Amino acid sequence: MNYKRSIPFFNYPALFKAQEKEIMDALHDVMSRGAYILQRDLEQFEENIKELIGVKHVLGVADGTNALMLSLRAADVGHGDEVIMSSHTYIATAASAHFVGATPVLVECGADHMISPESVKRAITDNTRVIMPTQLNGRTCDMDTLQAIADKHGLVIIEDAAQALFSKFNGKCAGTFGLAGTFSFYPAKVLGCFGDGGAVVTNDGEIAESVALLRDHGRNEEGEVVTWGTNSRLDNIQAAILNMKLKTFKKDIEQRREIASMYDQALKGINDLILPPAPDADNKHYDVYQNYELESGHRDELKNFLTERGVGTIIQWGGKAVHQFKGLGFDNVLLPAVEKMTSRFLMLPMHTALTDEDVGYVCDCITAFYRK
């Protein structure tokens, strides 16, 4: 290779430029009305998500972490309860259990980087209340198996679907399987706002009513404070931006799937690499490719090689599973499958500002690394 490009891992300026007029129009509309908190933009956004994923109730909240915490509180999960989750997840998943007083119980992930059902089974105790699968990288877990485990043991499922909006398993969208599901609209998500944002989704009316109170200081529609709540509302400016982005959302997801197909076709012959499932790998999953996370036995060398050639990559969560952060107190937790994978994970650029030429260059660089 005798040329060099600059392919950032994520390209916020380019994504803004592509929709600059629509974004500025949306901002002007909200600000000209002075409509900032719990106004029609948020109501419309909640309706839009209901229609998109097929769920009865959607409540916009401050961020994905608050979405998890409010869901747990609404389900009356707290002190003495255990919440089972994969250790290959963002710290917010575990923190949500910790800050409602419950105990996060960390388990293995499987070959597809999703929570291992067998590991879940082994972790169940008399104190287990919740299974919290992370719908990771834009893929939905085998929810039939997890639901069967939950039903057998009388457990609740609350999905951390922060990375998986519109991802599907057997035709059903992530977030809609359990008692509640949660999403993040962090700027780099498949649907991202210009700050923090999140949502709780549920088909349970009581959970929806509880979250609606909890996100707004415990106030009901008449303004009466009926319970202890907090301040966790998705503001209208962010809701307006998200409404605007939803207009192209399905097209954007198809573009991500096309990028994933290009990576798969170009890289699947490299024996050292373990690639994520391709878009057409099976008829049970519809993946939205929030991330394209592969495994390499030469991860650090490959990352450095790509950096030298202008390709941005990320090692998700600094290359550590939750139990590997020493300050959290998981000293006796040993999860060899997760630990092996975290030493191999690498995420390639995946966003809608990528051109075919960009993706081709990334693949050429990786191929060159393995030829050297």
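User: What is Arg 33 in contact with, leaving aside its neighbours within four places in sequence?
Analyst: Arg 40 and Asp 41 are in contact with Arg 33 on that basis, contact being heavy atoms within 4.5 Å. This is a predicted model, in which local features need pLDDT of at least 70, side-chain atom pairs count only at pLDDT 80 or more, and totals for chains, interfaces and linings use all residues. Residues are numbered from 1 along each chain as its sequence is written, and side-chain values use heavy atoms, with hydrogens and water left out.

User: Why is Arg 33 called partly exposed?
Analyst: Its relative accessible area is 30%. Buried means under 20%, exposed over 50%, and partly exposed in between (1.4 Å probe, protein chains only). Arg 33 is therefore partly exposed.

User: What makes Asp 282 and Arg 139 a salt bridge?
Analyst: The term requires a side-chain nitrogen of Lys or Arg within 4 Å of a carboxyl oxygen of Asp or Glu. For Asp 282 and Arg 139 the closest N and O atoms are 3.8 Å apart, so the pair meets the definition. Asp 282 is in the loop between strand 10 (273-274) and strand 11 (285-286), and Arg 139 in the loop between strand 4 (128-131) and helix 7 (143-153), so parts 143 residues apart in sequence are tied together. Helices (H or I, at least four residues) and strands (E, at least two) are DSSP runs, numbered from the N terminus.

User: Why is Arg 139 called buried?
Analyst: Arg 139 has a relative accessible area of 9%, so it counts as buried. Asp 282, at 30%, counts as partly exposed.
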